[in-house]
Amino acid sequence: MKFSIVKHRKWWFTLSTLLVVASIVSIVMNGFNFGIDYTGGTILDLRFGKAVTVSEVRQVLDTSDMNLDNSVIQLTGVTEGDSSQDVMIRMRNLSSDETKALADKFSTQLGNSEVKRTESVGAVIGAEVTKNAVTSLAVAFIALAAYISFRFEYKIAVSAIVSILHDLIMVLGVFSFFRLEIDASFLAAILTVVGYSMNEAVVIFDRVRENIRTHRRTDTYECLAEDSIAQSIHRSIYTLTTVLLACGSLHFFGGESTKNFSLVMLIGFISGAYSSICVDTSLWVVWKSRTDKRRGLHSGEEDVPEESVDLPILWGKAFLRAAMKGALWYN
């Protein structure tokens, strides 16, 4: 039995709306946990001889007289309930003497400890790089919308942009809700998600454009979209499976520094495949059907026109008409 995706578009619209609203609420209420790439500070990565808890580490920081009350403590490595031998602490910028004194204090109060890594950086990304990243995304969105409008039509371009925004909000919502750290690699992963989501949308809508010329005029937009999804869904599944295997291996078996990077891509790729197949096409079907119904182009609500609304064709016809009028006027 064939499962109709576009037919159940109300399910997809409801699910996506709930997820987007929840993500936006989380972003507004919780904000983001920016890493030291954005805020600057010192990272102290310690390994203790015995498992310690966050409260024990916090107590040492509170009694250190170094104004470290707002430090972020994270258990890493193998955890045993609420304790672990590996602890990473992110705090304000410390001098080398302060870092050494703090490490000695941990050894004195919590037992022998080994400093695995000490990293002290300024806000290497900060407002300027963030602004440039947002500007680059905006330019990319405009360029993609212009290309898809020229290659297909503006309704497809808007639908694709909506799905990309959907995917970005999903990623941001998860990172905001779980207070995951946003570092320099986050921007690279976001750009990768944008490219993947756009590629999935273009593949499906390219099939839609091809099928418009071959389907019967009595076929509905829903039927057209269903056939296009059926013809391209295997490719989407193979692509998604491949990237999930790669990103999943990087997330679960890679180092700590790559976990958030790979998690962004895992969330974004899954959301991108879902939105391209279920949301994009459904939005396009609803938009096209209602537009044609208002214009009274067809007797049926979702009749497919003989010729697609292809902007290059329309522009070509307009150019020819203008050229003919100019020739007549000249003669």
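Colleague: Why is the crossing of α6 and α7 called right-handed?

Modeller: A crossing is right-handed if the near helix is turned clockwise from the far one by less than a right angle, and left-handed if anticlockwise; α6 and α7 cross in the right-handed sense. This is a predicted model, where local features need pLDDT of at least 70, side-chain atom pairs count only at pLDDT 80 or more, and totals for chains, interfaces and linings use all residues. Residues are numbered from 1 along each chain as its sequence is written, and side-chain values use heavy atoms, without hydrogens and water.

Colleague: Which residues make the contact of α6 with α7?

Modeller: Contact means heavy atoms within 4.5 Å. Among them are I156, I164 and F175 of α6 and F186, V193 and F205 of α7. The contact residues divide into 15 nonpolar, three polar and one charged.

Colleague: What makes α1 and α6 oblique to each other?

Modeller: Helix α1 (residues 9-30) packs against α6 at about 45°, with axes 8 Å apart. Angles under 35 degrees count as roughly parallel, over 145 as roughly antiparallel, 65 to 115 as roughly perpendicular and the rest as oblique. α1 and α6 are therefore oblique. Their crossing is left-handed, and the contact includes L19 and I27 of α1 and H166 and F177 of α6.

Colleague: How do you know that the length of α8 agrees with its number of residues?

Modeller: The expected span is 1.5 Å times one less than the number of residues. The 33 residues of α8 (residues 221-253) should therefore span 48 Å, and the end C-alpha atoms are 45 Å apart, which agrees.

Colleague: Where is the kink in α8 centred?

Modeller: The kink is centred on S232 and is about 45°, the bend being the angle between axes fitted to the seven residues ending there and the seven starting there.

How values were computed
Helix = DSSP H or I, 4+ residues; strand = E, 2+ residues; numbered from the N terminus. Nonpolar A, V, L, I, M, F, W, Y, C, P; charged D, E, K, R; others polar. Axes fitted to C-alpha atoms, helices over the stretch in contact; angles between N-to-C directions.
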